Amino acid sequence: MVLSRREFALTGISGLAFAGARRIPVALQLFSVRRQCQKDLPGTLSRVADIGYSAVEFAGYYGHGPDELKRLLAERRLTCCGAHVSFDSVQPDKLPATIEFHQALGNRSLIVPGLPARATQSHEAWLETAKRFGEISKTLLKSGMRLGYHNHAAEFRPVSGERPWDTLFENTPKEVFIELDLGGAGYGGANPIEALKRYPGRVRFVHVKDYTLTKPDLMIGDGQMDWHEFFPVCEKVAGTEWYVIEHDSDPNANFEDIRECLRRFRAVK
C-alpha cells in the first residue's frame, strides 16, 4: 500500500492499536549520520538522544574504544542494541578480540552486514557460509552473545534456483537471527511482509525504511511498504526485538533527516 503524503499526514494510520501487542523499542543505525559521527561522535550521540532515539546500532567506532563508547552512551542515556561487524572480524583468528571488545561495550548482538565475494559466488559457497555462521554462533553463545545477518537486495535474487537468503537461514540454527532490511528485501524483489513471516521468531531486528522496486531507501510513507500489516507481523510472528531506523543512501543525510524519519515512524505506528 502506498500512502499519499496528505493521507500519511492526516491519518497517521492511527487504527493500528493492538491489544496485548508487545512494545518494541526504536533505535537508530548510526551509519545514517556517518559523516557527523566521523567528525564528532560524542556530539552526534547527544543530538541523536535529543531527537528522541533511545538506542543506537553501531557500524564503526570512529577511533573510540569500547569503554569510552559505553561511557558516552551512558552519559546520554542511550543503549547499544547491536553492532554491525565484518565477516572477517568473526573468523577464528579475530573472534576472541571481537568478543572482548563487545563484552566491554556491553553489546551482545553482532550482525554481519555483508559478505566477501568468496562467500557468495555460488550456491555451494552460500552453503559453506551457512556452516561457518553456525560454528561462529556456537562460539558466541558460550560468551553470552549472538550472531545475526543483515540482508541487502542480492540475497533475494536466486542463485542456482534458490534465494541465498533461504540458503543461509534454512541451513543455520535458529540462534542465528535475521536483521531484515525492508528496503533491501523489497528492492530485491521480495515481499517484506512475507519475509517477516517466513522464519517465525528469527527476525530479531528490522531496518525500517520505505522502498520502491527502483530505490531501496525512501522515507517512510514515500514508497510501497505495507505499514498496515508490518507492525502486527513484527509483534506477533517475526519475534522482532528492535525497530532500527536507517536512512543510509544519502551520504549527506543530516540530523533533520533522522528527525523526520522518527516523526514519520511514530505517525505510522
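What follows is a short chat about the barrel and some salt bridges in this structure.

Me: Before we start, what sort of model is this?

Reply: It's a predicted model, where local features need pLDDT of at least 70 and side-chain atom pairs count only at pLDDT 80 or more, while totals for chains, interfaces and linings use all residues. Residues are numbered from 1 along each chain as its sequence is written, and side-chain values use heavy atoms, with hydrogens and water left out.

Me: OK, which strands make up the closed barrel?

Reply: The 8 strands run β1-β2-β3-β4-β5-β6-β7-β10, with parallel pairing. Strands are DSSP E runs of at least two residues, helices H or I runs of at least four, numbered from the N terminus, and two strands pair if DSSP finds at least two bridges between them.

Me: How many bridges join β4 to β5?

Reply: 4, between residues 109-112 and 146-150. L110 stands opposite L147 there.

Me: Switching to salt bridges: how many in the whole structure?

Reply: 21, counting a side-chain nitrogen of Lys or Arg within 4 Å of a carboxyl oxygen of Asp or Glu.

Me: What does E241 pair with?

Reply: R146, with the closest N and O atoms 2.6 Å apart. E241 sits in the loop between α10 and β10 and R146 in strand β5, so the pair ties together parts 95 residues apart in sequence.

Me: And is R146 buried or exposed?

Reply: Buried, at 11% relative accessible area; buried means under 20%, exposed over 50%, partly exposed in between (1.4 Å probe, protein chains only). E241 is partly exposed at 26%.

Me: Which residues are linked in a network of salt bridges?

Reply: E68, R71, E75 and R76.
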